[in-house]
Amino acid sequence: MLGICRGRRKFLAASLTVLFVPAITWIYLFAGSFEDGKPVSLSPLESQPHSPRYTASSQRERESLEVRMREVEEENRVLRKQLSLAQSRSPSHHRGNHSKTYSMEEGTGDSESLRAGIVAGNSSECGQQPAVEKCETIHVAIVCAGYNASRDVVTLVKSVLFHRRNPLHFHLIADSIAKQILATLFQTWMVPAVRIDFYDADELKSEVSWIPNKHYSGIYGLMKLVLTKTLPSNLERVIVLDTDITFATDIAELWAVFHKFKGQQVLGLVENQSDWYLGNLWKNHRPWPALGRGYNTGVILLLLDKLRKMKWEQMWRLTAERELMSMLSTSLADQDIFNAVIKQNPFLVYQLPCFWNVQLSDHTRSEQCYRDVSDLKVIHWNSPKKLRVKNKHVEFFRNLYLTFLEYDGNLLRRELFGCPSEADVNSENLQKQLSELDEDDLCYEFRRERFTVHRTHLYFLHYEYEPAADNTDVTLVAQLSMDRLQMLEAICKHWEGPISLALYLSDAEAQQFLRYAQGSEVLMSRHNVGYHIVYKEGQFYPVNLLRNVAMKHISTPYMFLSDIDFLPMYGLYEYLRKSVIQLDLANTKKALIVPAFETLRYRLSFPKSKAELLSMLDMGTLFTFRYHVWTKGHAPTNFAKWRTATTPYRVEWEADFEPYVVVRKDCPEYDRRFVGFGWNKVAHIMELDAQEYEFTVLPNAYMIHMPHAPSFDITKFRSNKQYRICLKTLKEEFQQDMSRHYGFAALKYLTAENNS
């Protein structure tokens, strides 16, 4: 129907043009034939060369008008021909063609059909047809390896999700690091109508490791060459993207370009916007062979089915082998080999308009791709300088990138209405759990937080650590928010061993943390600190979820469960490793207690020994932790005995006991029902006791709490009566659960609570 409507519109437009253009032209010519109200003859036979009115200028004007008249007649002839073509093609074309309508960006593959103005359609309306079917899945392939690339790919995905209206299927060729990070991220992101598949990049190394490559992307920069072999054999087409890409439009517009490919065109690429392949950047510059300026492979459209039939694997390998005999190595990784193949087989490429890959690299000509920044569709930060690259409009590009970098990813969890999503077991279980909650319950928000899935980005910064071979290694575990960031450097100076931290941040705060860490010599010198970002959602601080995330991602057999506002004594790491052996922690259920102290001074001369600490304790510079507000929390440690103890000693559990302990990595997790302030550590210690852990105090270990402003959650606890009521309710429910789970042995917790 749409085709018929368009045919009629074309017929009407062409008819009007044929009828009215000559008439208007003759009116114009006739009007122009008068001077001072009298007619001027245009015919050579009627010319009056001896007339006083006849001048050289009027002769030139007459000749100009005659030329214009012939041009108009020629245009009319072309219009009549197009009209007759449209009339002859209309009936058969609209009856037999059921293809979709696609966007009309210019490219090298379809200029002929553009000029003819022939567009097929199957809509029942005479409006514009969407570029891609509403629920058609768009396939995107990305090669991603390492910690930095895993961060970059998130910004790319955000920009795609922000604009998209179609289901997406991401094919991620990832190493083990990127897979761990991104699998957790997407699992906790829970974006509807998005599917993720991983392909082991390490298994593909042998396919390309024989190619010497000087590019900073390393061996992973060559893996786009083997996508026809790596991706599923039934996948016909895919958009391939670099991780340093930012989308400024719906990716469906790019997907639609596949339908403009003709003949043997199997690669959609944008021309390279630098002079690299012209070989004139410096003296003796010798690039790989390329067609003209060559093509950039940051954005590629691949027709996989046709490439396989053409024996793409054999094609690129033979080309690479031949060129390497003289070039010795690639300079731009896969891009050099793609260009060498295209140089020999130019028919393979469909040249995309350059706004599909605006390259912000050194020596770029990208400004020629757009008249206005609103014309942009894809921005490619392909310079090693990234955001520091020089460009007239770099401020606009940078702001666009930062918008997605700091954009709240939770807002992208929107449904695609009218498109059925694949069944997600995690989502279904979550909805079931939430549906069982009573929204009229005054403690509903507390209960709901227990089931909230927080988007989690593991190993936000580079992490590199191999545990000690003697199986005595200990990781310090803690959690923090933005207001405790200043503690990181001090902790790193006090604890030389591995650290696992869970940070509760917004997307914007995560970038602030990144800049802070990258600007710190202390933090950048430490590769054994795992920073795991748990993104903010909801109104409570999910303290126990954060602890669980940090605990889950340690690589040592033991962990020291601490808090971020405590500084461990100097040398505690080595002392704990010796204690682990001495107390046979590997074969016994023990929780080794590190006694906790506090100071009210922001500037403290940290004690370097137990003797110095005891002296400061006697002088009133230090105190036992929370002795003045929450004595019960640490009283069972028996500080009086600790003063003179030279060997570890055992203590018994008491109500509200919440010491800081060293345990094996297989200890139970923290209970997530406790959020914000109150009972979060108490419940965990209670469960350790229920599981028959033995509490042993270390005689020569200590940690000191540093002063800070009260947290928002403790302020709510103190000022909000309903908060305290809900916390009491959650405590009672936890104790009941303990009784059900551990039976008669857990009755003491109910008794102890009633007596306390």
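A disulfide is here a pair of cysteine sulfur atoms within 2.5 Å; the structure holds two. The views below come from a predicted model, in which local features need pLDDT of at least 70 and side-chain atom pairs count only at pLDDT 80 or more, while totals for chains, interfaces and linings use all residues. Residues are numbered from 1 along each chain as its sequence is written, and side-chain values use heavy atoms, with hydrogens and water left out.

**View 1. The disulfide of Cys-135 and Cys-419**. The two sulfur atoms are 2.2 Å apart, and the angle of -95° about the S-S bond makes the link left-handed. Cys-135 sits in the loop between α3 (111-116) and β3, and Cys-419 in the loop between α12 (394-405) and α13 (425-435), 284 residues apart. Helices (H or I, at least four residues) and strands (E, at least two) are DSSP runs, numbered from the N terminus. Buried means under 20% relative accessible area, exposed over 50%, and partly exposed in between (1.4 Å probe, protein chains only). Cys-135 is partly exposed at 31%, and Cys-419 is buried at 8%.

**View 2. The disulfide of Cys-443 and Cys-726**. The sulfur atoms are 2.1 Å apart, and the link is left-handed, with -95° about the S-S bond. Cys-443 lies in the loop between α13 and α14 (444-449) and Cys-726 in helix α24 (residues 721-742), so the bond ties together parts 283 residues apart in sequence. Cys-443 is buried at 5% relative accessibility, as is Cys-726 at 1%.

**View 3. Helix α5, residues 176-189**. This helix has 14 residues and reaches 20 Å from its first C-alpha to its last, close to the 20 Å expected at 1.5 Å a residue; the expected span is 1.5 Å times one less than the number of residues. Among its buried residues are Ile-181, Leu-185 and Trp-189. The buried residues of α5 pack against β3 (138-144), α4 (146-163), β4 (168-174), β5 (194-200) and β13 (456-457), where contact means heavy atoms within 4.5 Å. Met-190 follows α5 and has a positive phi, near 55°.

**View 4. An open sheet of four strands**. The strand order is β18-β25-β20-β21, with mixed pairing; two strands pair if DSSP finds at least two bridges between them. At the edges, β18 (566-568) and β21 (623-624) each pair on one side only. β18 runs antiparallel to β25 (residues 703-705) over three bridges, and Leu-567 has Ile-704 of β25 as its bridge partner.
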